Amino acid sequence: MPPAGIPPSRALPSKESGLFKEVLHYYEDRQLKKGLKTADAILKKFPNHGETMCMKGLILTHMGRRDEGLELVKQGVRLDLTSHICWHVFGLIQKGQKNYEEALKSYTQALRFDKDNMNILRDAAHLQTQLRHYDALVETRHTLLRLRPQLRQNWIALAVAYHLNGNLTESKNVLEQFERIVKNVPDYDVEMSEILLYHVGVLEELGAFTEALTLLDASAKSRAIIDRVAIMEFRARILSKVGSEDAQQAWQGLIEQNPGCYDYYKGFLANHGVDLGNISRFYAITEETRGPALQTLRDLSQQFPRAATPQRIALAVAVGDEFKELLEPYLRTRLEKGIPSLFTDLKALYRAPQKRDTIESVAQGFLDALAHPPDAPCPPSINPTMYVWTLYFLAQHYSHLGQHSRALALLDTALAHTPTLPELYLFRGRVLKRAGDPYGAARWVDQARLLDLQDRFLNARCGKYRLRAGLIEEAVEVFGLFTKKDAPSPSQDLEDMQSLLYLTEEADAQLRNGNYAMALKKYIAIQKLFDDFEDDQFDFHGYSVRKFTVSIYLNLLKWEDTLRSHPAYIHAAIEASRILVRLHDEPWLASKSASQSHLSDAEKKAKKKAKKAEKKVQEEAKKASNSTNEDKGLDASPARDEDPDGTKLLQAPEPLERAAKLLKPLATLAKNNLEAWIAIYDVSVRRKKYLQALQALNRAHTLDADSPELHIRVVDFKCRWSSLSEKPSETVVTAVTSTLSKLLPDEISLELFNSQYLQRHSSRGPAVFGAARVSRSLGATREEVESAIFNVLNANVELDFETAAAIDAFLLEIQSPREDEFRTASQQKFALSTLFASRAELPQLRKSAVQVDIAEGEEVKEEVIS
């Protein structure tokens, strides 16, 4: 008879029961082959024993036979649905697959049959934190504390769970109870110090400032908190909040310790009633507070003469003659030292036109005083360092204002004076990029690289500019100088190293070259990187509580919650969604082999070489895995790239659903991004999610009611909605009708709406182009559209080269016979740009962008990697 409570199908004779315990022991010790052999011995007699079958599947998964192992685990669960071991094993497998939702379900099932299992409870708590199920997390942490109250980490974990769930009062109570019962804490205990600091932070967040200050002072006096800087920061911040006179002294002490910290000055001034607001914009400064703030900053500058921070804040606060008086010594000192980042430091001041003009006047005055004939040696009375860096600063200034020709002239003078300064070549490349000459930009940045072949920054910048010029293979050659030599390719190595800069730039370059398959592949690679970043937090759910690094752990969770607000993800999601929308509108693109149609002979050769290298690496990895530990772990190994050209990804079904998944985080994390709402509309309206599409239009209208892209989408929605043969439910119709009438009144025709928009924005090039596109969608003839578009070339219309390039692409798309005419006119309008050069000139421009062909010989490469 089996023991009470154990199903007959699970019960084993004493011999096999002992063998099953051995299987568990072998698994824990990672003696996988012995465990597998023992499990097979049990299954030979009892082939339907679910727990043994699950353990065998788990062992096979660890040995790298994942598909076979997963199938055995599923079969084992079906054979014994009431076994906590089966569900626990199934949860472990799913967790290794990063399928956290399903893993948590399996753990929940396991807890139904063994509710006090510490390992299962602990893993479940980690999964609940990962999935942000904070209500359930509190319950799980309560259970863990009830089972093991002697463990300090269980107390802190419960306090953190309450904190995450928004119940700060209970979090405080748990911490107080823990501090009352904890005994024999050694001196200078880092863990207890972190707990006390966390307790102070909870009290501050609750608004219990007096209690927080009392705890902080007592812990500091007894040296229970050993982080002296944290003590000073908490103390200064809390004293300011309670309005204590001691706050000034506390902030003063922090400034003395670190005179370069902006936050300390901000707190010091706030204690004097001067609210700086946003540290870079100083919106909160008023005329009443400006004088006291400047006087305080002057005193601090005299007290800390080597600190730049009070001087820089004073520049943001001061206006008029006071600003000029403070600017001159600030600018002169840094120009004499030759600080390359000076313009970046002052650029935030350009938001105020008066300050921008003053900066130009002062810098130009310095240059006039330093000027001398360029072909003559520098006179002894002139500081040559200040001269060249003043030229550099003014070049940055004029380029920022869009006066690129003047910036180039200043750079020419600087290069004639100091031809060995890489910054001059780099910035000349940037000026040309801004002026619309990507090939010239790549050429000049390449010259900067040649000045110091061992400088990784210069090489990386050169690769970036080559990508922006569409020279992908040439860029990969440069990046390959510093990547692993045994990697399948430099591109793969940079992807493995999670280089967002490289992936973004290559994806954009592939898109500009018309290679939608590879562009989409790289954008999706960026999405996968962010998935990895999100998965990486999992290990910290246990580690941070175990090591009591609670405060920084909570900061990590906040950062992870806004992870996809990163500009790289937003850009990749929007661009990938545009490709997927185009695939939906033009399905024939998916059947076209995008990669092969754009590969040159050299590219095909490089691709073949990369395949050979990848095969060699895989063979070596296989040999290494056979000769080392048999345990491959539960985490799935990186899958082999079965789609090197991206064609399978391009041909994958349901492009709109994939696009919607990419854009979903942007609805909450990129609320102020107009392009994101436009992309959400494009996907939603094609998925027939009309309320979602209209909501996107409303959000975009709130951000920029005059946006040309919004104007196009409003007309598009009206056309789509009017042409519906069968409307959705009455509720949807009512909501759409009332909302749409606010964007486009019912009594106005689409033609009149477009005409009125054009009249209001006739001096804006993008708006003129947008109105022309709407005319095209409303059935205007090609000649009418062309005539409307050519209005952007009028003298009174503001036109940038990006809009001109988009217009040129549009004319090419509609097969306009006037496309060459527009290119010629644009070339005259943007003299520095090469975007509108004749197509016969483009091969030569591409060739001129590369100074040295790295593949020509090994001499350059050896010099770089030595």
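Reply: The buried residues of helix α16 are T289, R290, A293, L294, T296, L297, L300 and S301, where buried means under 20% relative accessible area, exposed means over 50% and partly exposed lies in between, with a 1.4 Å probe and protein chains only. This is a predicted model, in which local features need pLDDT of at least 70 and side-chain atom pairs count only at pLDDT 80 or more, while totals for chains, interfaces and linings use all residues. Residues are numbered from 1 along each chain as its sequence is written, and side-chain values use heavy atoms, with hydrogens and water left out.

Helices such as this one are DSSP runs of H or I with at least four residues, and strands are runs of E with at least two, both numbered from the N terminus. Helix α16 covers residues 287-303, and its 17 residues should span 24 Å at 1.5 Å a residue, which agrees with the 25 Å between its end C-alpha atoms; the expected span is 1.5 Å times one less than the number of residues. The cover over the buried residues of α16 includes α14 (247-257), α15 (262-271), α17 (309-317) and α18 (320-337).

R290 and E287 are three residues apart in helix α16, so about one helical turn separates them.

Two other pairs can be set beside it. The side chains of R823 and E819 meet in a salt bridge at 3.9 Å, N to O; these residues are four apart in helix α47 (residues 819-829), and therefore about one helical turn apart, and both are buried. The side chains of D682 and R713 meet at 2.8 Å, N to O, in another salt bridge, and this pair links distant parts of the chain, with D682 in helix α39 (residues 674-686) and R713 in helix α41 (residues 708-722), 31 residues apart. D682 and R713 are both buried, and they belong to a network of salt bridges that links D682, E709, R713 and R773.

As for the nonpolar packing, a nonpolar core is a set of buried Ala, Val, Leu, Ile, Met, Phe, Trp, Tyr and Cys residues joined through side-chain atoms within 4.5 Å. The largest such core has 122 residues, among which L331, L346 and F393 touch the most other members, and its largest share, 10 residues, comes from helix α21 (residues 384-400). Leaving aside neighbours within four places in sequence, L331 is in contact with L342, L346, V362, A363, F366 and F393, contact meaning heavy atoms within 4.5 Å. A second, separate core of 74 residues includes A572, L663, W677 and Y690.

Finally, the structure holds zero disulfides, a disulfide being a pair of cysteine sulfur atoms within 2.5 Å. Among the cysteines, C261 counts as buried at 18% relative accessibility, and C462 counts as buried at 0%.

Conventions. Salt bridge = Lys/Arg side-chain N within 4 Å of Asp/Glu carboxyl O.
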